[in-house]
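Colleague: I would like to go through this model with you, one question at a time. Please show it first.

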Amino acid sequence: MGRGALATRVLGGAAGLLLAMGLYLGLVVAPPDAVQGDVQRIMYVHVPSIVTAYIAFFVVFCTSILYLWKRDLRFDALAVSSAEIGVVFTGITLATGMIWGKPTWGVWWTWDARLTLTAILFTIYVGYLMLRAFAEEPLAGARYGAVLAILGFLDIPLNHLAVYWWRTLHQPSSILRPGGPSVAPAMLLPLAVNFAGLVLLSTYFLVERIRLERLRHRTAEVRLKRGRRG
Amino acid sequence: MVAELLRRTWAMTWKDVTVELRARERINAMLFFAALVLFIFNFALGPDREKLREVAPGLLWLAFLFTGMLGLGRSFQAERENECFEELLLTPGDRESIFFGKLAGNILFMVTAEALILPLFGILYNLDIWGLLPSLALVAFLGTVGFSAIGTLLAAMTAHLRAREVMLPVLLFPLTVPVILGSVRATEAILGGGGLGEVSHWLKLLVGFDVIFLVACPLAFEFVLEE
């Protein structure tokens with residue numbers, strides 16, 4: 001086992017450990033919400049997931065620009081892998097949000113601003129992954145993907161504005177707000193631990209996913225050489 | 001410099017319009033499809049006039065956008081079928097003019113379809129829209145520009161994909177949500193009797209969207225066309 005592989009395993013292990021700790025803190029140690037009761041504990045998965053997804057999409061944006069600029073396929077591999085991670089965590093956010101919404105708002109889904117925005121984001125990046133899957137030529141796929149990722153990111157502020165004018169119902173953000181977080185410290189800790197766990201987990205996925213991409217390239221090369229000889 | 005860009009853009013548009021005038025492959029299909037959409041809505045929603053009036057702005061824009069999408073999907077068809085993309089790329093000079101030329105053609109076709117849809121809509125659904133036509137036309141134009149700008153870029157992209165007919169709407173609609181929301185809300189306010197002043201924030205959003213993507217899309221187009 002090489003040093004890189006060992007580091008990757010340590011990363012994965014640390015992510016698992018942190019997430020287990022976060023779950024314990026969130027489900028057992030933290031007090032139930034004064035109004036919502038135990039249901040509110042879903043927040044400890046819901047909120048870190050969406051933050052992780054946003055970070056992943058930001059990475060897609062940056063690596064897409066870098067790819068178009070430097071034409072290094074490693075940036076492209078980073079972009080695709082990050083987009084996959086972002087889509088998974090946006091999906092988790094939507095699912096946990098629905099489960100949380102049913103008991104607290106009485107409905108699974110409502111066309112509130114933040115829900116709508118998350119759904120739009122989800123569709124844009126699912127479209128990105130489909131585009132990658134349908135590209136006939138890998139290099140063209142990389143270029144198209146990069147262009148789409150940049151357009152998609154430019155679109156976010158406009159979507160934000162439009163959807164907020166349209167409607168708002170979601171409880172306002174209680175951590176990133178002027179005047180400091182309004183979440184009790186006992187609740188903030190599991191949030192932070194889970195968030196750190198998810199970031200580590202994403203990094204772990206990213207490393208493994210890029211390794212996979214590299215192996216894929218190498219397989220293609222070997223096949224090409226064999227074919228030529230035979 | 002600008003004169004040169006305009007001249008080259010015009011050449012591109014003129015080519016597309018001439019081809020279209022001779023073959024009538026796109027515009028006929030768009031116009032008939034637009035009429036059909038208005039026809040079908042009636043069966044989907046029933047003949048209740050009050051109900052129809054409530055959803056009228058949304059229906060109008062669905063008709064606009066579906067018809068527009070039909071046209072966008074074919075905007076690089078001729079080049080693809082006759083394998084002329086390379087020739088297009090070989091033309092010396094900036095490629096922005098190719099984009100703007102294609103875009104102008106697409107806007108022209110979509111606006112033509114809208115010019116049919118709007119009066120037909122008023123007639124079929126008994127809406128008194130005749131005095132409101134100038135403000136409706138303004139909103140329609142602003143929405144069409146933004147929708148077509150992203151649409152033209154994505155059409156160039158999806159022309160090279162498998163399953164291109166599916167991929168264009170899959171990519172286009174999520175990205176144009178601000179246009180759809182802005183146009184529908186503005187149209188709603190206009191049909192409801194409010195003047196343009198009432199919807200100025202939506203108009204500003206539409207203008208902002210148009211400006212951002214009229215700058216970004218031609219830049220991105222270079223990367224899409226590259227071989």
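Colleague: Is A163(B) buried or exposed?

Modeller: This is a predicted model. Around A163(B), 12 other C-beta atoms lie within 10 Å. A count of 12 or fewer is the cut-off for exposed. So A163(B) is exposed.

Colleague: Which loop of chain B holds A163(B), and what is its phi?

Modeller: A163(B) sits in the loop between α7 and α8 of chain B. A163(B) is not a glycine, yet its phi is positive. The value is about 55°.

Colleague: Where is E83(B), and is it buried or exposed?

Modeller: E83(B) also has a positive phi without being a glycine, about 50°. Its place is the loop between α4 (77–81) and α5 (85–90) of chain B. With 8 other C-beta atoms within 10 Å, E83(B) is exposed.

Colleague: How many helices and strands does chain B have?

Modeller: Read from the N terminus, the elements of chain B run α-α-α-α-α-α-α-α-α-α. The totals are ten helices and zero strands.

Colleague: What radius of gyration does chain B have?

Modeller: The C-alpha trace of chain B spans about 55 × 35 × 30 Å along its principal axes. For 227 residues, a compact globule would come near 17 Å. Chain B agrees with that, at 18 Å.

Colleague: What percentage of the residues in chain B is buried?

Modeller: Take the contacts of chain B with a separation of 6 or more: 83% of them join residues 24 or more positions apart. Burial is counted over the 227 residues of chain B. The buried part is 44%.

Colleague: Are α1(B) and α6(B) oblique or roughly parallel to each other?

Modeller: Helix α1 (residues 2–23) and helix α6 (residues 96–124) of chain B pack at about 45°, with axes 8 Å apart. Roughly parallel would need an angle under 35 degrees. Their crossing is right-handed. The two helices are therefore oblique.

Colleague: How many charged residues are in the contact of α1(B) with α6(B)?

Modeller: From α1(B) come residues including L5(B), R8(B), D16(B) and V17(B). They meet residues of α6(B), among them E96(B), K102(B) and L108(B). By class, the contact has eight nonpolar and five polar residues, and the charged ones number four.

Colleague: Are α3(B) and α9(B) oblique or roughly antiparallel?

Modeller: Helix α3 (residues 49–73) of chain B packs on α9(B) at about 135°, with axes 8 Å apart. Roughly antiparallel starts over 145 degrees. That makes α3(B), relative to α9(B), oblique.

Colleague: What is the handedness of the crossing of α3(B) and α9(B), and which residues of α9(B) take part in the contact?

Modeller: The crossing of α3(B) and α9(B) is right-handed. On the α3(B) side, the contact uses A56(B), P57(B), G58(B), L60(B), W61(B) and L65(B). By class, the contact divides into eight nonpolar, three polar and one charged. The α9(B) residues are I180(B), S183(B), V184(B), T187(B), E188(B) and L191(B).

Colleague: Which helix gives the most to the side of chain B that touches chain A?

Modeller: In all, 24 residues of chain B are in contact with 26 residues of chain A. On the chain B side, α7 (133–158), α8, α9 (177–191) and α10 (200–225) each supply at least two residues. By class, that side has 19 nonpolar, three polar and two charged residues. With eight residues, the top contributor is α10(B).

Colleague: Are α4(A) and α8(B) roughly parallel or roughly antiparallel?

Modeller: Helix α4 (residues 113–134) of chain A and helix α8 (residues 164–175) of chain B pack at about 150°, with axes 9 Å apart. Anything over 145 degrees passes the cut-off. They are therefore roughly antiparallel.

Colleague: How many nonpolar residues are in the contact of α4(A) with α8(B)?

Modeller: The crossing is left-handed. The contact includes I120(A), M130(A) and F134(A) of α4(A), and M167(B), V170(B) and L175(B) of α8(B). There are two polar and no charged residues, and the nonpolar count is ten.

Colleague: Is Q40(A) buried or exposed?

Modeller: Q40(A) lies in the loop between α1 (3–29) and α2 (43–70) of chain A. Leaving aside neighbours within four places in sequence, Q40(A) is in contact with P32(A) and D33(A). It has 20 other C-beta atoms within 10 Å, so Q40(A) is buried.

Notes:
Residues are numbered from 1 along each chain as its sequence is written. Chains are lettered from A and ligands numbered from 1 in the order in which they are written. This is a predicted model: local features need pLDDT of at least 70, side-chain atom pairs count only at pLDDT 80 or more; totals for chains, interfaces and linings use all residues. Axes are lines fitted to C-alpha atoms, for helices over the stretch in contact, and angles run from 0 to 180 degrees between N-to-C directions. Helices (H or I, at least four residues) and strands (E, at least two) are DSSP runs, numbered from the N terminus. Angles under 35 degrees count as roughly parallel, over 145 as roughly antiparallel, 65 to 115 as roughly perpendicular and the rest as oblique. A crossing is left-handed if the near helix is turned anticlockwise from the far one by less than a right angle, and right-handed if clockwise. Two residues are in contact if their C-beta atoms, placed from the backbone, lie within 7 Å. Ala, Val, Leu, Ile, Met, Phe, Trp, Tyr, Cys and Pro count as nonpolar, Asp, Glu, Lys and Arg as charged, and the others, Gly among them, as polar. The radius of gyration is taken over C-alpha atoms; the globule rule is 2.2 Å times the number of residues to the power 0.38.
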